Amino acid sequence: MSEKHHRSLVKGVSWRIVGTADTIFLSWIFTGTLGTALKIGGVEFFTKIFLYYLHERIWLAAPWARNVVEENGVLVPKDEHRRSIAKGVSWRITGTVDTILIAFFITGEYSKALSIGLTEVVTKVFLYYLHERVWQRVQLGRLRPG
């Protein structure tokens, strides 16, 4: 099963909007400064779009826990729940390291950087899972088999 590159790009941007809002909110909670939170979120917005695109393309090459089913006479890819969970975990590891590095660079404080990054592990795995399940219903950029 294959998908067009623009699907990965649009999916990445939609996730980045959700993820950046979460990062800004958590950064504001842990730093107490909206300006610092906006800086962390702003830098992260761009680094994560690139990282997410690469992550998505790697997962597209892996057929594990992905099935093709017929819906209304059309064959469509369907990811199993365990695939969505595994993608969420692998993305979160990548994203957490990126967030911690950015937060440390901006704040200069390990404790704040780790607090922001480690809290995101919980919030973003949940948000990413929901995002993946929504995108299972979106047909934009899907190539039909055959």
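The following legends describe close-up views of a predicted model. Local features require pLDDT of at least 70 and side-chain atom pairs pLDDT 80 or more, whereas totals for chains, interfaces and linings use all residues. Residues are numbered from 1 along each chain as its sequence is written, and side-chain values use heavy atoms, with hydrogens and water left out.

View 1. Helix α4 covers residues 110–135; helices (H or I, at least four residues) and strands (E, at least two) are DSSP runs numbered from the N terminus. Its 26 residues should span 38 Å at 1.5 Å a residue, in agreement with the 35 Å between its end C-alpha atoms; the expected span is 1.5 Å times one less than the number of residues. A kink of about 35° is centred on Val 121, the bend being the angle between axes fitted to the seven residues ending at a residue and the seven starting there. Among the buried residues of α4 are Ala 113, Gly 117, Tyr 128 and Trp 135. Buried means under 20% relative accessible area, exposed over 50% and partly exposed in between (1.4 Å probe, protein chains only).

View 2. Lys 124 and Asp 22 form a salt bridge with an N to O distance of 3.1 Å. Lys 124 belongs to helix α4 and Asp 22 to helix α1, so the pair ties together parts that are 102 residues apart in sequence. Both Lys 124 and Asp 22 are buried. A salt bridge here is a side-chain nitrogen of Lys or Arg within 4 Å of a carboxyl oxygen of Asp or Glu, a rule that gives a count of 15.

View 3. The closest N and O atoms of Lys 48 and Glu 44 are 2.7 Å apart, in a salt bridge. The two residues are four apart in helix α2, and therefore separated by about one helical turn. Lys 48 is buried, with a relative accessible area of 2%, and Glu 44 is buried at 0%.

**View 4. Two residues with positive phi.** Ala 65, which is not a glycine, has a positive phi of about 60°. Ala 65 lies in the loop between α2 and β1 (66–71) and counts as buried at 6% relative accessibility. Asn 72 also has a positive phi, near 55°, and is placed in the loop between β1 and β2. With a relative accessible area of 83%, Asn 72 is exposed.
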